Amino acid sequence: MIALYLSGHGYGHMTRACEVLAEVRRQAPTVALAVVGSVPEPLVRRAIPGDLVFRRAACDVGLLQEDALRIDEAGTAAACALFDSRWNARADAEAAFLREAGVRLLLADIPPLAFEAAHRAGIPAVGLGNFSWDWIYRHLSSRQPALAASADLAARAYRHAALLLELPFAGDLSAFTKREQIGLVARRPRVPRDEARRRLGLDGRPAVLLSFGGVGLPALEGRGLPGSADLRWLLPADVDGRLPELGLAYPDVVRAVDVVVSKPGYGIVSDAIAAGTRLVYTERGDFPEYPILVREMTPLLACEHVSNRDLLDGRIEAPVRRVLARPVPPSPDLDGAARGAARILALLGEEMARPSPPG
């Protein structure tokens, strides 16, 4: 069995890791799979075909958010201190689950606890990601000194990793002693664009989707949007909860629209690249991934910046029109999931050739 441990911070970790695990299922249908995390179980089961074990457990804190654009730094520091105060008990409980379930390899994106649990269970752990929590917490510790201890704890756990499958837009991943780049892991749309637009009730006007993840951005969603008759605006409420009945996945929606307005995170950026959809992005607080994403995504998709102030005041029509005039770059290599799955299965084969870890 392979067990995937997911960060509870945003949907980007879940979507890309599930894409890799779905590719594992395609390449090796008989390998048993488990997913552990606090993410919504129905989303996981829709992303990974076939049977799997789902275990709900808090694997990390990630970052607490006031909304999609503002980090609650003090709340994050307090939550990390509380989570870390039970570190040994949590790690022992997860190690016991791994042994009892017969897990032979662990994949994590990218909660530190998972690597400590795998070490205690005597099985290899493989990371997947473009940033690690030790880097994030170290950056924020200049204002929240308590996070330095959480950064140290995370770095020690990451050193147990057998391998990190490194994704594009990477930050400081030096806590991992062995890293391999696998390229972009991205969800591909499955429904033809014209059919997805029909199901969403879109006409011939350019469509603009506001997408701010599970946290959302109530300050924007509650105000009136530009009333231009030649643009069609989609709020989260126009999409969320309707996808199963429409027979669509979120990447189909991203492909159906002409522009997405969002904060830049791995999930929405990779969805936009794979769909060939333009992006209007805004800053997201002092998150060190942000400048890397902005710099490295620019050659891969048509994008324009809008400030937080202009976004929240509803002044987004001008950047939308500017980005609509930009050409969409050619699609890059999108086969990172297949390469990552093949590497995971090779490591699993090596592990299965060894005696089982002691129970």
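## V36 and its surroundings

Leaving out residues up to four places away in sequence, V36 touches L4, Y5, L6, R55, A57, C59, E94 and F97. This description rests on a predicted model, and within that model V36 is found in strand β2, which covers residues 33–37. With a relative accessible area of 0%, V36 is buried. The C-alpha atoms of V36 and A196 lie 32 Å apart in space, and the two residues are separated by 160 residues in sequence.

## The crossing of α1 and α16

Two packed helices are described by the angle between their axes and the distance between the axes. Helix α1, residues 12–27, and helix α16, residues 336–352, have axes that come within 8 Å and cross at roughly 65°, and the crossing in which α1 passes α16 is right-handed. On the side of α1 the contact is made by E19, V20, E23, V24 and Q27, which meet A337, A338, G340, A341, A342, I344 and L345 of α16.

An α-helix has 3.6 residues a turn, so residues three or four places apart point the same way. The contacting residues of α1 include E19, E23 and Q27, together with V20 and V24.

The buried residues of α5 are P112, L113, A114, F115, E116, A117, A118 and A121.

Across the whole structure, a search finds 7 aromatic pairs. One of them joins F115 and Y158, whose ring centres are 5.4 Å apart and whose planes stand at 80°, so the pair is edge-to-face. Because F115 lies in helix α5 (residues 112–121) and Y158 in helix α7 (residues 147–158), this pair ties together parts that are 43 residues apart in sequence. F115 counts as buried at 0% relative accessibility, and Y158 is likewise buried, with a relative accessible area of 0%. F115 also forms an aromatic pair with F176, again edge-to-face, with 5.7 Å from centre to centre and 70° between the planes. This pair links distant parts of the chain, 61 residues apart, since F176 belongs to the loop between β8 (163–166) and β9 (179–181) while F115 is in helix α5. Both F115 and F176 are buried.

## Other ring arrangements

Elsewhere, F131, W133, Y137 and F287 form one aromatic cluster. Rings also have charged neighbours: R16 lies over the face of Y266, at 4.7 Å from the ring centre, and the charged end of R90 sits over the ring of F83, 4.0 Å from its centre.

## Backbone features

Most residues other than glycine have a negative phi, and most peptide bonds are trans. Where does the backbone carry a cis peptide bond? The bond that joins D109 and I110 is cis, with omega at about -20°, and I110 is found in the loop between β6 (105–109) and α5. At the other end of α5 comes G122, which follows the helix and has a positive phi near 75°.

F169 is a residue other than glycine with a positive phi, near 65°. The place of F169 is in the loop between β8 and β9, and at 2% relative accessibility F169 counts as buried.

T277 lies in the loop between α12 (266–275) and β13 (278–281), and with a relative accessible area of 2% T277 is buried. Apart from neighbours within four places in sequence, T277 is in contact with V254, R255, V257, D258, V259, V260, A272 and L301. The C-alpha atoms of T277 and A318 are separated by 17 Å, and these two residues are 41 residues apart along the chain.

Helix α13, residues 289–297, has E289, Y290, I292, L293, V294 and M297 as its buried residues. Which elements cover the buried residues of α13? The covering parts include α6 (133–140), α12, β13 and β14 (303–305).

Note on methods
Residues are numbered from 1 along each chain as its sequence is written. This is a predicted model: local features need pLDDT of at least 70, side-chain atom pairs count only at pLDDT 80 or more; totals for chains, interfaces and linings use all residues. Side-chain values use heavy atoms; hydrogens and water are left out. Axes are lines fitted to C-alpha atoms, for helices over the stretch in contact, and angles run from 0 to 180 degrees between N-to-C directions. Helices (H or I, at least four residues) and strands (E, at least two) are DSSP runs, numbered from the N terminus. A crossing is left-handed if the near helix is turned anticlockwise from the far one by less than a right angle, and right-handed if clockwise. Contact means heavy atoms within 4.5 Å. Rings of Phe, Tyr and Trp (its six-membered ring) pair if their centres lie within 6.5 Å; planes under 30 degrees apart count as stacked, over 60 as edge-to-face and the rest as tilted. Buried means under 20% relative accessible area, exposed over 50%, partly exposed in between (1.4 Å probe, protein chains only). A charge sits over a ring if NZ of Lys or CZ of Arg is within 6 Å of the ring centre and within 35 degrees of the ring normal.
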